[in-house]
Amino acid sequence: MRTDTEGDSADLRPGDGATDRAAVRQVSPALVARDGELARLLATVATAPAVVAVAGEAGVGKTRLVAELLARAELAGRSLLVGSCHQIRESFPLGPVVEAVRDAGDRLRGLALSEVAGAVRPLLPELASFLPAAPGPLDDPVAERHRVFRGLTEVLTALAPAVLVLEDLHWADEQTVDFVAYLLTTPMPELAVVLTYRSEEVSAAVRALTARLPAATARAHVALAPLDERETGDLVAAILGAPRVSGEFAKYLWDRTMGLPFAVEEVIALMQTRGLVVSRDGEWTRKPLGELEVPRGIRDSTLARMARLAPGAQRIAEVAAVMQTRVAVPMLLAMTGVTGAAESAAIDAMDEAIGSGLLVEQGETVGFRHVLAAQAVYEDIFWPRRRTLHGRAAAALRTQSPVPLGQVAHHLRCAGVLDEWATTAEAAADHAVALAHDAEAARLLSDVLRNATLDPAHRARVAVKLGRAATQTLHADQVADLLSAALDQDPPVTVRGELRLLLANALNHNADDPGRQRRLFAGAVADLGDRPALRAWAMVGLSLPTVQGIPLAEDRRVLTEAVELVAGIDDPLAEVFVLGKAGAFLAQFGDPAWRGLADRVLAVTGGAPQQRREANAHYSLGVEACYAGQLGMAERLLTSGLRAAATRENRRLEIMMRSGVALHSFCRGEWEGLSEEVDTLLALQAHHARTRFDVDIVAAGLALSRGAVDDARTRLADLIGLAERLGSFQVLPFAGDAAVRAALFRDETAEAVAFVRRCLAPLAAKGLWAPVGRLLPSAAEALTAAGERAELTELLTRVERETRALDAPLASAGLRYARGVLASDAEDLLAAAGEYEAALAPYEAARANERAAAVLLARVSPGDERAPAVLRDAVATYERLGATWDHTRATGLARRHGIALPARHRGGRRGYGTELSPREREVAELAATGRTNKEIAKELFVSAKTVEKHLIAAMRKLGLRSRFELAYRLEPVGKDGGIPHR
């Protein structure tokens, strides 16, 4: 069996059209058609630490399923903590988590909590008497937020054993998502987390929450589908308290509701109140079609039920619809405008609305049972009355303490009071910033700038606030037009410099117009003479080596000035930020001075960054170290940066850091699980070209190494074009090397040579020779294949001269490789392989060894006895990496020369043997429900190709030949989350 609905259950019996409460609140008293899903949830939640995701469209029954789970006797003795996200968001952060724990004071009484738990006092005044004193404030909002995260985690630990339910995460703010990600990073032995969301509306960030769980965490993903025709009949029978309904009645309802449980309930409620459900020969059915005008959708059925209410009850329902969330009874009464003796009649009207089933009670609050019904009523209210009700809502909410500024702003805007709305929205944004809720601040301020009438000075001030907030989020690229419009209105010089800096930064995130970025950075440097920290930041931006025609020496000079300037500022965070950026650019140049700046950053951070700017410095240096071939330092910087609390609490920084780690893993030959991570990161950064570079390169490299040559060529062509446009010169050799190899594979020598020349030209024009070493191996192969030996000789001479004094390990190895190709010299190629090994680059080393073996084997008899061992080394590396394209080529060389190779490892991923890996298990479970590869990919946030790979592996391990056999073979998940074998 599978759910009925999202809502409250009641003991219901068929009615005769009367309006008493029991007769018309048509919710099934028993869970229908979801037994399997409930069993799976219970088995997983009972095995804490655990995480469960329940996904499905609105009205499909997520809330009801979770309610049934929490009512199970197996969970007795656990704290049941439930919080919901809401469509009208408040600048107050972590709302659903706060809602879940605010009533848990009795469980905390007498417990010895540490000082850090006091950090949540401002969020949870209800628990103040049970919490330690609040610690002193911190200067850094990100550090303050981290302390709050730690405090909430300690409170949850104290409440354990517990089940934490967070509903409607499709409406979650980024800080709530960040906290959940933080919470799930280190599993709590006695905590189970249940997340619900609408599949079609949820963000990539929410989907990704369950993609990187620790191995010790039990997990389940339950995707609820609408009911089929038979199940719809079962639900109707349960609602009516009947043993069965007619097949014709079930089909009639299924045709009009498509099996959505909430719609079924709404239609049945309307039919029952009209007396249109009858029992014939012990079987419930509907009256003949000619007597029945049942609406097709929720909207019409809801409005029909609404029309049957008395005017007073209708007014109460309209007020509740305008609020869009459950509210306290006094608030509803205040919005109706009644006072004194009239309140008694209003309460009676409220009781009637609740009795009709449209509204429900929850504690001391009242609201619609389902958001779809509220929306239907809201849209039917005549617009002048809607405005009036929104105005009353704003006035009523202003009487609360503290005032929910975000909600007030929403209602003022809907009431058409735009001046007050703009002022309130800006105040709500200021409050959000104070709470490190930058994404919400950016949303509010963007709305103000797009829709409010502001004078130039005020617009510029709001734009600066927006730029600051957006810089901390994934959405900096979405505000460039607003910052630009504010700058075009000639703002006061007091804000112009920072506005220019923020706009240049937004354009950089948006990968847009490097020339304009440089002009803006230069203007900011001129305007920010009295603000040295910001001026140093602008100088770092000005030194970006992205614009042709600016000598590299000029970029280096500006960098040096920035470092000198920031060293005199009493702001360690500004200093470490500038040092990180400057060191990153110097690493790209191959300037040995980069190591000194990297050491300074590590000294300031102690190798363990705590603040956001410290983590950002680790990221900047670590990524550029990857491109430069400095992989040992890159690992130290990126792994410590990824572990930093500041990284885990900033969605943008976390994704950037994970992208850098993915690039490092590719360079280091640590490819296990990398494809899945890359799929996730690409989706999370679908609209962020600048931050996608690192992952796009890895995706293209993996595709080529595994034989998806056409896919790789498409990716590489896009990458090279974008890198040229943006002046991201360090990307060109990386992408160019793969593009040349793909062209040579297709015997398109002329195209391969064209790629070499195309990628070299901007680097030579800029004087940026350090990164060229990564391109030299494939450049040598292309140019020799085309007979362009003189051009290759000239190139190698130039590279050797230009890189002699540089710190560029890949340049030396690349020169060795290229000379080996040019002269068919195995010794140079073997030396190159040794240098690549020393540089921690096993894939490049394997390529050099394979090429050396080919040269040795091509010699006139007798061949060099080293060839078999060298080739076996290359084959073993390719096999370990999963580089099937290269492996096939190298094993072909071995076969042609009669070289025996060790038996190739076959079967599933190493480490699991014949058992399913966690991802294989997850894919198999979803496939067993009948889901397609595309549907599974959407649910698990991976590519369809990845799903296919895991499904094939799972079926092979289980000895199955079809999805039908898979569905038959799999049993409900056991306590360990595994799939038992029959």
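**A buried residue and an open sheet**

Visitor: Is Asp737 buried or exposed?
Guide: This is a predicted model, in which local features need pLDDT of at least 70, side-chain atom pairs count only at pLDDT 80 or more, and totals for chains, interfaces and linings use all residues. Residues are numbered from 1 along each chain as its sequence is written, and side-chain values use heavy atoms, leaving out hydrogens and water. Buried means under 20% relative accessible area, exposed over 50%, and partly exposed in between (1.4 Å probe, protein chains only). The relative accessibility of Asp737 is 8%, so this residue counts as buried.

Visitor: In which helix is Asp737 found?
Guide: Helices (H or I, at least four residues) and strands (E, at least two) are DSSP runs, numbered from the N terminus. The run that covers residues 731–745, and holds Asp737, is helix 36.

Visitor: Which strands stand at the edges of the open sheet of five strands?
Guide: Two strands pair if DSSP finds at least two bridges between them. The sheet has the order 2-3-4-1-5, with parallel pairing. Each edge strand has a single partner strand, so one side is left without a neighbour in the sheet; these are strand 2 (79–84) and strand 5 (218–223).

Visitor: What is the bridge partner of Ala50 in strand 4?
Guide: Strand 1 (residues 50–55) pairs with strand 4 (residues 191–197) in the parallel sense, over six bridges. In strand 4, Ala50 has as its bridge partner Ala192.
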